[in-house]
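Here's a walk through the model, starting with the strands and ending with the charged pairs. Keep the viewer open as you read.

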Amino acid sequence: MITFEEYENALKQRHGERIHNILSHSSVAIAGLGGLGSNIAMYLARAGVGHLHLVDFDKVDITNLNRQQYDIADLGTLKTDALTKNIKRFNPFIEITSQCVKVNEDNAAEIFGGYKIVCEAFDKAENKAMLVNSILSECGDTKIVSGSGMAGFGSSNTIVTRKINDRFYLCGDTKSDMNDGLALAAPRVAICAAHEANMILRLLMGEKEV
């Protein structure tokens with residue numbers, strides 16, 4: 001078992017002490033722990049973000065395994081519990097809090113209002129819009145990074161990060177949708193997840209442009 005000091009020193013060697021200190025003292029809330037959210041959480045945890053707040057109401061299903069950060073042993077367990085366990089396997093020192101709750105317009109501000117950055121990672125367009133609108137209208141200076149359009153097997157290069165305004169960043173191609181009969185496959189979903197995670201890291205470090 002490695003020590004906390006060994007783990008910290010390894011991250012400092014990779015990122016530099018200044019960046020590591022920023023990330024290790026940062027908190028991010030992630031709404032939805034599916035193909036986007038589970039991958040985003042993994043990327044942020046590996047980068048050394050100190051605290052993640054994981055929010056989802058669902059359980060791991062066999063149809064999730066082709067693109068989400070779970071395995072067969074996780075089937076039937078809450079995604080909040082399974083993802084916490086899987087992250088702790090490689091970063092036992094991260095602080096993880098979680099809520100097993102379905103987010104709606106009545107509770108979104110209460111759940112996420114205390115965080116400087118919220119990551120939207122829902123499946124359905126109406127839920128995405130609800131969370132974005134709730135954050136922007138009810139959560140002060142909270143920034144939100146959202147994903148839209150990562151279905152199918154189209155070009156990787158159509159997935160981009162856009163700055164909508166100073167508090168809202170959107171990643172994806174904004175067009176491809178599983179409701180159009182397109183598959184959700186690991187590579188393209190992960191590309192969009194990486195865009196979201198990278199934008200979150202940039203925001204944590206004070207960047208504002210994409």
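Predicted model: local features only at pLDDT ≥ 70, side-chain atom pairs only at ≥ 80, totals over all residues.

**Strands and crossovers**

Let's begin with strand 4, which covers residues 117–120. Ile117 and Cys119 point one way from this strand, Val118 and Glu120 point the other way, and all of them are buried. Strand 4 has strand 1 (residues 27–31) as a parallel partner, and 3 bridges join the two. In that pairing, Ile30 sits opposite Cys119. Strand 4 also runs parallel to strand 5 (residues 143–147), again through 3 bridges. Here Val118 is the residue that faces Ile144 in strand 5. To get from strand 4 to strand 5, the chain passes through helix 6 (residues 125–138), and this β-α-β crossover is right-handed.

Helix 6 is also where you'll find Asn127. Asn127 is partly exposed, at 28% relative accessibility.

Another parallel pair is strand 2 with strand 3 (residues 95–99), joined by 5 bridges. His53 stands opposite Thr97 of strand 3. Together with helix 4, strands 2 and 3 make a right-handed β-α-β unit.

**The core and a surface patch**

In soluble globular proteins, nonpolar side chains tend to be buried together. In this model, the largest nonpolar core has 43 residues, and among those with the most contacts inside it are Val28, Ile30, Leu44 and Ile200. Several elements supply at least two core residues each, including helix 1, strand 1, helix 3 (35–47), strand 2 (51–55) and strand 4. Which helix gives the largest share of this core? That's helix 7, with 9 residues.

Some nonpolar side chains are on the outside, though. Met1, Ile2, Phe4 and Phe93 form a nonpolar surface patch with about 440 Å² of accessible area together. Ile2 belongs to the segment before helix 1 (4–15). Its relative accessible area is 41%, so Ile2 counts as partly exposed.

**Salt bridges**

Side chains of opposite charge can pair when their charged atoms come close. The whole structure has 7 salt bridges, and here are some of them:

| Pair | Closest N to O distance |
|---|---|
| Lys163 and Asp166 | 2.9 Å |
| Arg188 and Asp173 | 3.1 Å |

Lys163 is partly exposed at 26% relative accessible area, and Glu209 is partly exposed at 48%. Asp166, the other partner of Lys163, is exposed at 52%.

Now for Arg188 and Asp173, which also form a salt bridge. Arg188 lies in helix 7 and Asp173 in the loop between strand 7 and helix 7, so this pair ties together parts 15 residues apart in sequence. Are these two partners buried or exposed? Arg188 is buried, with a relative accessible area of 5%, and Asp173 counts as buried at 9%. As for Lys163, Asp166 and Glu209, salt bridges with shared partners join these three into one network.

Key:
Residues numbered from 1 in each chain as written. Heavy atoms only, no water. Buried < 20%, exposed > 50% of the residue type's maximum accessible area, 1.4 Å probe, protein only. Helix = DSSP H or I, 4+ residues; strand = E, 2+ residues; numbered from the N terminus. Pairing = 2+ DSSP bridges. Right-handed = clockwise from strand over helix to strand, strands pointing away. Patch = residues over 30% accessible without salt bridge, like charges linked within 9 Å, V, L, I, M, F, W, Y side chains within 5 Å. Areas by Shrake-Rupley, 256 points an atom, 1.4 Å probe, with all protein chains shown as cover. Salt bridge = Lys/Arg side-chain N within 4 Å of Asp/Glu carboxyl O. Core = buried A, V, L, I, M, F, W, Y, C linked by side-chain atoms within 4.5 Å.
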